[in-house]
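Visitor: I am new to this structure and would like a short tour. Could you please begin with one of the chains?

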Amino acid sequence: MEHLEMAEDIVSDTFLLASETWGLKGLPKNPTAWLYTVSKNKALDFLKHNKIFTEKISFEIKQTQSIVNETEIDLSNKNINDSQLQMMFAICHPCIPTESQIGLSLNILCGFGVEEIADAFLSNKETIYKRLTRAKEKLREEKIKIELPGQSEINKRLETVLTTLYLLFSEGYYSTSQNTTLRKDLCVEAMRLNLMLVENEQTNTPFANALLSLMCFHSSRFEARTNQNGEIILYEDQDELLWNKELIEKGEHYLNAASFGNKLSNYHLEAAIAYWHTNKADTKDKWENILQLYNKLLQLEYSPIVALNRTYALSKANGKQEAITEAEKLNLSGNHLYHSLLGSLYKDINNTKAIHHLQIALTLAKTIPDKNILLKKIQHLEQIKNN
Amino acid sequence: MKEFLLVFRRDAVTREAAPSPEQMQAMMKPWQDWMGSLAAQNKLVNSGNRLSSEGKVVKPGKVVTDGPYVETKEAIGGYIIIRAESMEEAAELSKDCPILQIGGNVEVRALVPMD
């Protein structure tokens, strides 16, 4: 960890050199090997010029240099994956805050620049730069090693890693950033890192599979959930032909792989909910199952969004009237989604009340896409009222 | 917010009062919906446990008797812990408990925090 900046500089230098030389001379036979060899040599140069290094152990290096230079770099996919996994565990260390873990993962594991990260977080470059620098300093101070934790510790540490990947994915999936390509990249990167966990024997746990399954189900709807203008299309209005069948099948595969052991995680429950959503048709069975999964999810951990989603499922399974009574107990009147939910629950029961709640939601909503959806709903209800 | 223990009791002695497996199955949904409702209000602290009808009671003199402790004819069937502003609110929340539909009752007790 102490040479992290140096390593980053070397990588930028190497890519700069590559863009210059490859442009002139054409692609080398094995570009990956070329990049590794050049960066290895640059790293050795750096170490040679490093003052402490020269004073303390330069003698020894002279003795062994010939050996160092001859060391073959292991370029197998396995070795590259293993190194990335070790780095993932080092970055997702509980000693730094979660938002820094996500930032560092994007920066170091996914190669995102500070500007892109700032864009994804709807923040500015300075804030992100400071956050990353502080996090790197902390990892150095704590002398965090780039290695997989021991068997006894790995499950606990894996929890932090999974949380970071979950948030990374959510950042891409739910972010209000207008940059659709970037948001999709975040989701793809979260899935790539999660896949590495599943492909490694030590980290291939039911929880890791459940999270990957959840990501597959959600991303299967990526193309269907926005229109050409980048506006959100709600689930019930989506064209299911645009849902990615291959990802749905992958989701089912990892959900099956997750059904071992005796512990149920929120990832399992959320993946199962997402699974039921891959059947568009409204059946009694579907919504009853979704409701029971939400009941369990809330018992594991409370969250306002899950409470609202559970109430929506309740309206589908047990009827709108019961859902309205339940919604009013939730005590979430400051949340635009709460009023938006009551708006849809009151629709066709009491349209005046429905419009009233949608208008409150409109004043509370923060993003343009959210406001547009609400405006459309209000217009629609007013048309029904006037006819 | 304070925490309250809800203890569910029902008739465990009268044979006719015992629910059939089908009835037990049918009871699952209202229970899960009620617990989900409490959890959605962020008022469920601990989902507690259901208790098996088997049990033993150890009395002074190390006398062990079979069967759960039964005063009148009601035995404890399970418990959960909830969060509420007051005893009144905790009792109010208990009014939707499905055990009331089969003649059982809910005892509401405030937890005394450990110092």
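Guide: In chain B, 78% of the contacts between residues at least 6 apart in sequence join residues at least 24 apart; two residues are in contact if their C-beta atoms, placed from the backbone, lie within 7 Å. This is a predicted model, in which local features need pLDDT of at least 70, side-chain atom pairs count only at pLDDT 80 or more, and totals for chains, interfaces and linings use all residues. Residues are numbered from 1 along each chain as its sequence is written, while chains are lettered from A and ligands numbered from 1 in the order in which they are written.

Visitor: What pattern does chain B follow along the sequence?

Guide: The pattern is β-α-β-β-β-β-α-β, with two helices and six strands. Helices (H or I, at least four residues) and strands (E, at least two) are DSSP runs, numbered from the N terminus.

Visitor: How many residues of chain B are in contact with chain A?

Guide: 11 residues of chain B are in contact with 13 residues of chain A. Helix H1 (21-40) and strand E2 (44-50) of chain B each give two or more residues to that side, and H1(B) gives the most, with seven.

Visitor: Now to chain A. Which residues of H17(A) are buried?

Guide: They are Ala354(A), Ile355(A), His357(A), Leu358(A) and Ala361(A). A residue is buried if 20 or more other C-beta atoms lie within 10 Å of its own, exposed if 12 or fewer, and partly exposed in between, with C-beta atoms placed from the backbone.

Visitor: What do they pack against?

Guide: The buried residues of H17(A) pack against helix H16 (336-346) and helix H18 (368-386) of chain A.
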